[in-house]
Amino acid sequence: MSITPPLCEMLSDELLQERYVARLVLLRELCEKEVERTREMPEFHNTALMYRVKLAEAEHLYEKVYQRDLLGAFRRLQDKGYLELITCAATHGFLPLFSHPSCVRAQLRMAVKNFEKHFHRPPQGVWLPECGYVEGLEDELASVNLRYFFLDSHGIFYSTPRPRSGVFAPLACRNGVAVFGRDIESSRQVWSSEGGYPGDPTYREFYRDIGYDADEEAIKPYLHEDGVRRNLGIKYHRITGRGVPLQDKALYNSDEARNRAIEHAGNFMYNRQAQIRYLASHLDHPPIIVAPYDAELFGHWWYEGPVFLDSLFRKIAYDQDEIELTTPTEELSRHPRLQVVQPSPSSWGDKGYYETWLNGSNDWIYRHLHKAEGQMVEIARAHRGVKENQGADSLRVRALNQAARELMLAQSSDWAFIMTTGTMVKYAEQRVFNHINRFGEIYEMLASGKVIQERLEDLENRDNIFPEMDFTVYCD
């Protein structure tokens with residue numbers, strides 16, 4: 001499981017923890033009202049009761065069991081050998097479009113540094129942001145001791161030479177860094193909302209929510225202070241069928257949906273068994289099936305996804321003996337000799353390459369990002385010696401570290417992605433403007449030799465990610 005550095009910082013942030021608890025309290029209050037409101041409406045009441053139970057469980061787990069320390073819970077699973085955790089680039093920057101190798105290296109160095117802070121060991125692997133790969137990126141991974149990464153299937157299929165086992169065996173880049181390829185069949189079956197499980201008519205409809213359906217006065221205390229209607233997470237309808245208008249959606253039955261998720265888990269296992277038998281008859285080694293998904297699929301877009309996963313793991317453990325669950329590190333230790341290839345540039349975005357993050361809607365951001373990247377490398381190298389004399393130059397060190405934060409935040413692939421999809425475009429544009437302008441302001445301070453402490457403190461309070469930031473990650 002990849003837990004990105006920004007997510008680590010958010011989960012460990014006391015302010016966000018307080019806000020999450022406050023939100024849980026509000027939602028539980030709303031849910032109690034829904035239980036009362038639907039008491040004479042059995043077709044709604046059972047679903048309201050389900051939400052009450054789930055919210056109570058969430059609050060108990062978060063407050064009592066994990067004591068707000070979700071990262072500690074993941075760390076314990078890692079330390080017991082149940083889960084392999086990996087990292088991502090520091091702020092999910094789309095690495096193939098960076099202009100300077102030092103900036104790629106800086107993103108990876110900060111990612112490793114942040115992972116070690118939270119999980120008390122170095123990561124073995126990395127999920128490249130958006131699965132974005134360009135030739136030579138494996139050298140940067142090796143420079144921070146990352147042993148493996150993942151590519152979408154075409155990044156493997158178009159490798160040179162052609163992989164003998166396709167995506168069904170790990171490969172090695174020329175420098176020894178391993179690469180795993182995504183299996184198309186198992187990915188589509190779970191990920192696709194049209195041909196996959198999440199589109200089943202029994203499952204909960206994501207877009208029908210009491211944030212829009214309920215009386216405005218009744219839900220006003222639970223909306224943002226701007227009063228705009230938004231999803232509140234309490235949904236009473238199911239998908240029903242393709243093309244069915246939202247207003248015509250049938251009511252949701254959580255028991256039926258749970259049973260369907262269990263059925264789908266059994267179907268997925270059955271299909272993987274058949275796939276493995278077929279592959280084993282054509283390969284000279286046990287096939288590896290890599291089936292990666294965005295974590296937000298399970299529980300967010302596909303509400304019953306966690307039930308599917310729970311049932312799948314139990315079925316694999318108890319109901320069959322053909323499939324073995326494993327991790328990349330375990331697989332590499334079993335089979336250290338790998339075919340050496342040069343992977344193909346690729347991503348898992350639309351059309352498989354870089355177009356999602358570089359097109360007419362967002363190409364303007366790169367001249368600003370690339371200029372800032374060059375300037376960051378310039379000032380980091382020029383002030384390399386300052387770090388050794390932090391007592392006298394602590395303000396400059398802080399300014400350099402804040403400049404690095406602003407650049408990394410501006411580099412997030414999310415901004416270009418949002419501009420492409422057309423959702424929250426003004427927000428994405430403003431984030432790029434803000435971080436680039438703040439970077440430029442700090443750059444001018446450093447160039448003039450006059451760092452304004454009050455302004456620097458303001459920026460540090462606004463953008464406080466990575467307290468462990470060290471600007472020298474840009475020096476080499």
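The predicted model holds 1 cavity of 30 Å³ or more. Here, on a 1 Å grid over the protein atoms alone, a cavity is a set of points where a 1.4 Å probe fits but cannot get out. Grid points are joined across faces, edges and corners, and a volume is the space filled by probe spheres set on those points. By that count, the largest cavity takes up about 90 Å³. It is lined by 13 residues, and Phe-94, Phe-98, Tyr-366, Leu-369 and Gln-411 sit closest to its centre; a lining residue has an atom within 4 Å of a point. Two or more lining residues come from each of α14 (365-382) and α16 (413-421), with α14 giving the largest share, 5 residues. Helices (H or I, at least four residues) and strands (E, at least two) are DSSP runs, numbered from the N terminus. Sorted by class, the lining of the largest cavity has 8 nonpolar, 4 polar and 1 charged residues. Ala, Val, Leu, Ile, Met, Phe, Trp, Tyr, Cys and Pro count as nonpolar, Asp, Glu, Lys and Arg as charged, and the others, Gly among them, as polar.

As for pockets, these are open sets of points with protein on both sides within 12 Å along at least five of seven lines. The second largest pocket has a volume of about 320 Å³. Of its 15 lining residues, Ser-165, Ala-169, Asp-284, His-285 and Arg-337 are the closest to the centre. The lining of this second largest pocket splits into 7 nonpolar, 4 polar and 4 charged residues.

Out on the surface, Leu-7, Met-10, Leu-15 and Leu-16 make up a nonpolar patch with about 340 Å² of accessible area together. Patch members have over 30% relative accessible area and no salt bridge, and nonpolar side chains are joined within 5 Å; a salt bridge puts a side-chain nitrogen of Lys or Arg within 4 Å of a carboxyl oxygen of Asp or Glu. Areas come from the Shrake-Rupley method with a 1.4 Å probe. Both α1 (5-11) and α2 (14-37) supply at least two residues of the patch. Met-10, in helix α1, is partly exposed at 46% relative accessible area, that is, between buried (under 20%) and exposed (over 50%).

Pro-123, in the loop between α5 (101-119) and β2 (126-127), is buried, at 3%. Pro-123 and Asp-213 are 90 residues apart in sequence and 45 Å apart in space, C-alpha to C-alpha.

Residues are numbered from 1 along each chain as its sequence is written, and side-chain values use heavy atoms, leaving out hydrogens and water. In this predicted model, local features need pLDDT of at least 70 and side-chain atom pairs count only at pLDDT 80 or more, while totals for chains, interfaces and linings use all residues.

How values were computed
Patch = residues over 30% accessible without salt bridge, like charges linked within 9 Å, V, L, I, M, F, W, Y side chains within 5 Å. Buried < 20%, exposed > 50% of the residue type's maximum accessible area, 1.4 Å probe, protein only.
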